[in-house]
Amino acid sequence: MSEQYATEKKRESIFLNEHFMAAACVVVVVTGLVSLYFCFAENDSFAVFELLTKLVTAASMYLAFRFFKWDVAKGLMGGVLFCLMYQEAHLVLARLWGEQDFDTYLVAGVQGSLYLAAAGMSFLMTVIITINHFFINYASHGNPKNVILNRMALGFKFAVYLLLLAANSQLGFPPALLWKNALQYLSDVALLLLLVSVESQFDSFNVLRQELLKDKRERRKGK
């Protein structure tokens, strides 16, 4: 292993820490299970299905990664992104737009308008991240230029989640609805951090592989 890789290893980010990944996964599961309680209380079977699908897929992705099944983990990462995209599409397109529920939020004033704008931007960012995920990981020659765009979208989505949490807390809706929304977004924040961690781990393994191949070539030349 080269000196350069050893130096990079010392300065590795928190996203390469497996304890951080485990903590993020636990937060996803705990907040998701508490959210299930609110969904059952409202007899919202469709929301229960959405939530269970996201939880099972996220937990499976983490376990696949821990047991070093790289291709399975990458495939499940795409599945997690699809779960997020479907969940947000249902909120924005079916409920807020289709059922014209956005009127309820507009009446709430600035906070309601911020919530609507953040929900729409969150959905758009998930679409971009999902498309980029498949371009980067599954295109025949990859698409390195999309890596920068993907990271920008991830950072923007994280900021939007914080805006959603802040705006949601200021809405004058029933406490049960506010808690349900807040737990969902906390779960999604943790899920986003878990996705970033898994992607960062893949990046680090790619760096390690290139370093090992480089060392192998140098040894062959030395012979």
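Okay, ground rules before we start. Residues are numbered from 1 along each chain as its sequence is written, and side-chain values use heavy atoms, with hydrogens and water left out. Since the model is predicted, local features need pLDDT of at least 70 and side-chain atom pairs count only at pLDDT 80 or more, while totals for chains, interfaces and linings use all residues.

Let's begin with helix H2, residues 18–41. When I say helix, I mean a DSSP run of H or I with at least four residues, numbered from the N terminus. H2 has 24 residues and reaches 35 Å from its first C-alpha to its last, close to the 34 Å expected. That expected span is 1.5 Å times one less than the number of residues.

What caps the N-terminal end of H2? That's Asn 17, with a side-chain oxygen 2.7 Å from the backbone nitrogen of His 19. For a polar contact, the cut-off is a pair of N or O atoms within 3.5 Å; within protein, one must be able to donate a hydrogen and the other to accept it, and residues adjacent in sequence count only if both atoms are side-chain atoms. After H2 comes Asn 43, which has a positive phi, near 55°.

Now, which residues of H2 are buried? Among them are Met 21, Ala 24, Cys 25, Val 28, Thr 31, Gly 32, Ser 35 and Leu 36. Buried here is under 20% relative accessible area, exposed is over 50%, and partly exposed is in between, with a 1.4 Å probe and protein chains only. If you're looking at the spacing, remember that an α-helix has 3.6 residues a turn, so residues three or four places apart point the same way.

On to charges. How many salt bridges are there? The count is 3, taking a side-chain nitrogen of Lys or Arg within 4 Å of a carboxyl oxygen of Asp or Glu.

One of them pairs Glu 18 with Arg 66, at 3.1 Å between the closest N and O atoms. Glu 18 sits in H2 and Arg 66 in helix H3 (residues 45–66), so this pair ties together parts 48 residues apart in sequence. Glu 18 is partly exposed at 34% relative accessibility, and Arg 66 is partly exposed at 32%.

Then there's Lys 54 with Asp 188, 2.6 Å from N to O. Here H3 is tied to helix H8 (residues 175–222), because Lys 54 lies in H3 and Asp 188 in H8, 134 residues apart in sequence. Lys 54 is buried at 1%, and Asp 188 is buried at 0%.

There's also Glu 88 with Lys 157, at 2.9 Å from N to O. Glu 88 is in helix H4 (residues 70–98) and Lys 157 in helix H7 (residues 145–170), so parts 69 residues apart are tied together. Both of these residues are buried.

Cysteines next. The model has 0 disulfides, with the cut-off being a pair of cysteine sulfur atoms within 2.5 Å. Cys 25 is buried at 10%, and Cys 39 at 4%.

Last stop: Asn 168, in helix H7. Asn 168 is buried, at 2% relative accessibility. Leaving aside neighbours within four places in sequence, Asn 168 contacts Tyr 115, Leu 178, Asn 181 and Ala 182, where contact means heavy atoms within 4.5 Å.

Technical notes
Helices (H or I, at least four residues) and strands (E, at least two) are DSSP runs, numbered from the N terminus.
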